[in-house]
Amino acid sequence: MLSVYIKTYGCQMNERDSEAVAAQLVARGYALAPTEQVADVVLINTCSVRDMAEQKAIGKMQTVIGQARKKRPDQIYGFMGCMAQSRGQSLIDQLPDVDLVLGTQKFHRAAEYLDDIFAGRRDKIVDTDVEEDSEAKIREHILPGGGEKAVTAFVSIMQGCNQHCTFCIVPFTRGEERSRSIPDIVAECRDLASRGVREVTLLGQIVTSFGKRDIPLKDGRSAFVQLIEAVHEIEGIERIRFTSPHPKGYGDDLVEAYARLPKLVESAHLPVQSGSDRLLKAMHRGYTRERFVNLVGKLRAVKPGMGITTDIIVGFPGETEEDFADTLSLCSEVEFDMAFGFKYSPRRDTPAAAMPGQLSEELIEERHQRLLTVINDLAARKYERYVGRQVQILVEGVSRRNAARFEGRTSCNKIVVFPGSERHRGQLLDLRIERVGHYTLYGDPAIHLD
Ligand code: SF4
């Protein structure tokens with residue numbers, strides 16, 4: 001039996017794509033190898049969002065090949081995902097041992113292409129073409145954490161993005177927006193529920209644009225809200241999350257859905273990117289700081305406990321000290337529960353890469369550190385407020401922080417570690433918070449309520 005090892009870099013969309021490739025290969029008779037050393041096929045699913053992510057994936061492949069080539073002359077190597085899409089044949093030119101380069105609309109062809117390579121029908125394969133309906137082919141699941149024990153699962157609902165933010169390579173690597181049909185997604189969620197999954201995360205590069213062009217409004221409700229309503233009907237699914245939305249995609253229908261649909265979690269990831277209107281315009285984000293703050297206000301009016309997280313880019317071309325101060329003040333005004341700060345990295349073919357006013361790495365690093373300090377201080381104060389409060393978590397399994405404990409997440413997306421056992425897995429459990437750690441809450445054994 002042949003075996004495959006898949007290493008994934010990047011976002012949840014990449015994790016989901018790797019799960020789909022793994023499911024496809026297992027169905028074709030492959031085993032999943034525990035390490036790259038013992039695998040017959042090593043696939044690296046790549047990210048292009050920052051140059052460092054690309055260099056990491058290339059470095060990893062170089063290391064794997066360097067360690068194994070002499071001992072395992074028949075081992076097959078492949079790149080897939082965003083960097084495979086954007087670099088194509090040049091990856092094989094750079095690393096001639098690589099056999100397969102699979103673009104973002106070709107994940108479903110992995111097994112077929114590996115068969116061709118093993119059978120000697122083809123030597124090197126590079127496929128980064130556009131493929132009609134590829135979004136509907138990412139369906140089968142290999143669930144993480146031991147398969148049938150998984151409590152949560154990612155469901156890919158759409159691919160691509162038409163927004164063209166000036167810093168972002170995604171529209172080039174993932175292509176135009178393409179959405180699956182609602183019945184198809186619901187069927188996948190039903191299947192997951194029948195396998196014990198209690199929480200689904202609906203995934204896409206810009207989920208709030210789901211079905212925009214193909215599914216008409218229904219009683220003023222967007223296709224995305226219609227999809228959430230349909231998933232909400234599924235027995236066994238207790239919670240619905242989604243990522244990534246675009247702040248400008250949060251219409252009143254979606255805000256109102258939080259009040260109406262109890263399975264929709266009290267959590268919103270709203271990537272703001274900057275607190276400066278000047279930079280938001282240069283980034284082509286399509287909203288102002290005021291509109292963003294109003295949106296947060298609307299969400300908190302509907303759900304006062306709403307956890308709000310965000311992404312922020314530091315060092316966008318032309319960012320002045322004043323622009324950066326606007327970003328810091330926005331963080332304090334909104335009081336994000338968590339923010340991911342990204343150092344700006346110029347990406348090929350994006351408008352921002354050619355903009356004047358590119359900042360030095362030192363300045364970006366210095367601002368990034370200042371941002372992290374503000375974000376971490378705000379979050380620490382927010383987490384402290386949970387001490388003594390009762391929260392409900394969905395228990396996901398053994399804690400990633402402490403293997404002797406279990407963990408789950410609150411509806412507002414806070415991780416809670418507690419001394420549970422297997423019988424708690426998949427349960428909605430009420431706990432009282434005793435103490436906090438770094439972005440973690442701890443429930444006390446003496447008073448957890450069964
Ligand atoms: S909306 Fe998101 S994925 Fe689309 S271009 Fe902007 S940052 Fe990239």
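In what order do the three strands of the open sheet lie, and is their pairing parallel or antiparallel? In this predicted model, the order is β7-β10-β11, and the strands pair in the parallel sense. The edges of the sheet are taken by β7 (152–156) and β11 (239–243); each has a single partner strand, so one side of each is left without a neighbour in the sheet. From one strand to the next, the twist averages 25°.

Strand β10 (residues 199–203) runs parallel to β7 and is joined to it by five bridges. Within this pairing, Phe154 has Thr201 in β10 as its bridge partner. Helix α7 (residues 182–194) lies across both β7 and β10, and its direction makes an angle of about 165° with β7.

Strand β1 (residues 3–8) pairs with strand β2 (residues 31–32) over two bridges, in the parallel sense, and here Val4 stands opposite Leu32. Together with helix α1 (residues 12–27), these two strands make a right-handed β-α-β unit. Strand β1 also pairs with strand β3 (residues 41–46), again in the parallel sense and over five bridges; in that pairing, Tyr5 stands opposite Val42.

Helix α1 also meets another helix. Two packed helices are described by the angle between their axes and the distance between the axes. For α1 and helix α5 (residues 110–118), the axes come within 9 Å and cross at roughly 55°. That angle makes α1 oblique to α5. The contact involves Val21, Gln24 and Leu25 on the α1 side, with Ala110, Ala111 and Leu114 on the α5 side.

Strand β16 (residues 406–410) pairs with β17 in the antiparallel sense over four bridges, with Phe406 opposite Phe418. The two strands form a hairpin with four residues between them, and Asn413 in the turn has a positive phi of about 75°. Strand β17 has a further pairing, with strand β19 (residues 440–443), which is parallel and spans two bridges; Val417 stands opposite Tyr442 there.

Two individual residues complete the picture. Ser274 lies in the loop between β12 (267–269) and α10 (277–283). With a relative accessibility of 1%, under the 20% limit, Ser274 counts as buried. Its side chain reaches the backbone nitrogen of Ser276 at 3.0 Å. Leaving aside residues up to four places away in sequence, Ser274 touches Leu279, Leu280, Met283, Thr327 and Leu330.

Pro171, by contrast, sits in a helix, α6 (residues 170–174). Pro171 also counts as buried, because its relative accessibility is 10%. Cys161 and His164 are the residues touched by Pro171 when those up to four places away in sequence are not counted. Between Pro171 and Gln205 the C-alpha to C-alpha distance is 9.1 Å, with the two residues 34 apart in sequence.

Definitions and conventions. Residues are numbered from 1 along each chain as its sequence is written. This is a predicted model: local features need pLDDT of at least 70, side-chain atom pairs count only at pLDDT 80 or more; totals for chains, interfaces and linings use all residues. Side-chain values use heavy atoms; hydrogens and water are left out. Buried means under 20% relative accessible area, exposed over 50%, partly exposed in between (1.4 Å probe, protein chains only). A polar contact is a pair of N or O atoms within 3.5 Å; within protein, one must be able to donate a hydrogen and the other to accept it, and residues adjacent in sequence count only if both atoms are side-chain atoms. Contact means heavy atoms within 4.5 Å. Two strands pair if DSSP finds at least two bridges between them. A crossover is right-handed if, with the strands pointing away from the viewer, the path from the first strand over the helix to the second runs clockwise. Axes are lines fitted to C-alpha atoms, for helices over the stretch in contact, and angles run from 0 to 180 degrees between N-to-C directions. Angles under 35 degrees count as roughly parallel, over 145 as roughly antiparallel, 65 to 115 as roughly perpendicular and the rest as oblique.
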